[in-house]
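User: Please take a close look at a single residue in this model. Then show me the chain around it.

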Amino acid sequence: MTAAVLGAPPARAEPVDTAIAAAARAWQQAMGDRAPSATFSFTDDERFDWAYTPGYRKGVPIRDMTPPQRAAAAALMRSTLSAPGVAKAEAIMALEAVLAGVEGSSLDYRDPEKYFVSVFGVPGRHPWGWRLEGHHLSVNVTVAAPGAVSLTPVFLGTNPAEIPGGPRKGERVQRDEYVLALRLARSLNEAQRARTLLRERSLGNVVAGPGRGDALATPEGLPADALSPPQQALLTDLIRTYVGLARDEIGRPYMDLVRAGWADTRIAWAGPMAEGRAFYYRIHGPRILIEFDNSQGGGNHIHSLWRDPANDFGRDDLHRHYKGTPEVHGHRP
């Protein structure tokens with residue numbers, strides 16, 4: 001008889017950090033003697049050397065992996081990212097081929113498989129982490145302790161933001177980040193808009209990029225709790241567009257932390273609140289920093305960030321881990 005027939009309780013789901021560690025070990029095993037070239041000490045400065053520009057990274061690029069190794073890398077992505085998150089990451093990679101056609105560059109430079117996997121420390125031996133990175137994509141995973149998984153900083157970019165021609169004409173990989181923000185902006189009344197607007201023109205790029213995690217110390221703009229309930233629901237949906245990159249076991253407790261700081265969370269805007277124009281927005285609170293800039297390429301080239309001001313690279317989790325406090329277990333993004 002099965003356990004269900006006998007009335008036994010269903011088996012508990014595997015903890016997300018255990019699943020991530022198992023997937024990382026499986027990828028290293030698949031890589032064989034190439035694994036050391038993509039493995040670094042957890043304390044290596046390379047862990048913080050993230051970027052979103054085109055070029056080579058330390059680690060192993062997908063294009064140099066065999067089919068079994070690629071399958072293991074895909075499983076590692078699925079262990080950490082949600083299904084929509086995996087789809088978005090893969091769509092950003094695939095956009096390199098579109099960009100090559102738009103600008104007439106080579107597929108060696110705009111290579112959809114020039115995305116690198118790196119591991120920091122020993123998977124399952126806390127703390128440890130892993131990274132997926134290439135042009136317009138950087139996901140930095142830190143597992144400080146059991147139940148303590150951080151994905152930030154995360155960079156997502158798309159160029160072109162809206163594909164201008166060909167069989168994929170009109171497609172937007174970052175559609176929700178764009179459409180929901182404009183919907184929220186258009187819902188603002190005159191007084192709300194005055195408090196939200198930083199300046200009349202877009203900033204031209206994200207501010208808190210690599211090496212600038214502390215560049216935005218103080219939230220600016222309209223308080224989230226000054227929005228009406230429908231507007232707050234729309235803002236929450238916009239935030240979930242970014243946090244939804246992560247598996248629900250990671251994103252759900254993180255959203256609880258964002259909501260706990262809601263009264264101190266601000267939304268700010270720069271540039272026109274209009275489709276097809278260059279604009280920038282920011283959502284900033286104690287546990288959330290989202291930046292979105294759509295200035296380059298005539299307003300058709302997106303750079304976006306999701307950072308955790310308290311816990312980028314698992315900083316707060318690691319502090320608790322090294323102090324040995326029990327709060328680190330199960331209550332962190």
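**A close look at Gln28**

Analyst: The side chain of Gln28 makes a polar contact with the side chain of Thr39, at 3.2 Å. Keep in mind that this is a predicted model.

Where does Gln28 sit? Gln28 is found in helix H2, which covers residues 16–31. Is Gln28 buried or exposed? Its relative accessibility is 18%. Buried means under 20%, so Gln28 counts as buried.

Next, its surroundings. Set aside the neighbours within four places in sequence. Gln28 is then in contact with Ala35, Thr39, Val119 and Pro123.

Now step back to the chain. The protein chain has 10 helices and 13 strands. Buried residues make up 53% of its 333 residues, and Gln28 counts as one of the buried ones. Take the contacts between residues at least 6 apart in sequence: 65% of them join residues at least 24 apart.

What about overall shape? A compact globule with 333 residues would have a radius of gyration near 20 Å. The protein chain has 20 Å, so the two agree. Along its principal axes, the C-alpha trace spans about 60 × 50 × 45 Å. The accessible surface comes to about 14,300 Å², and 54% of that belongs to carbon and sulfur atoms.

Helix H7 has 15 residues, 229–243. From first C-alpha to last, H7 reaches 21 Å, close to the 21 Å expected. Its buried residues include Gln231, Gln232 and Tyr242.

Definitions and conventions:
Residues numbered from 1 in each chain as written. Predicted model: local features only at pLDDT ≥ 70, side-chain atom pairs only at ≥ 80, totals over all residues. Heavy atoms only, no water. Helix = DSSP H or I, 4+ residues; strand = E, 2+ residues; numbered from the N terminus. Expected span 1.5 Å × (residues − 1). Buried < 20%, exposed > 50% of the residue type's maximum accessible area, 1.4 Å probe, protein only. Polar contact = N/O pair within 3.5 Å; in protein donor to acceptor, adjacent residues only side chain to side chain. Contact = heavy atoms within 4.5 Å. Rg over C-alpha atoms; globule rule 2.2 N^0.38 Å. Areas by Shrake-Rupley, 256 points an atom, 1.4 Å probe, with all protein chains shown as cover.
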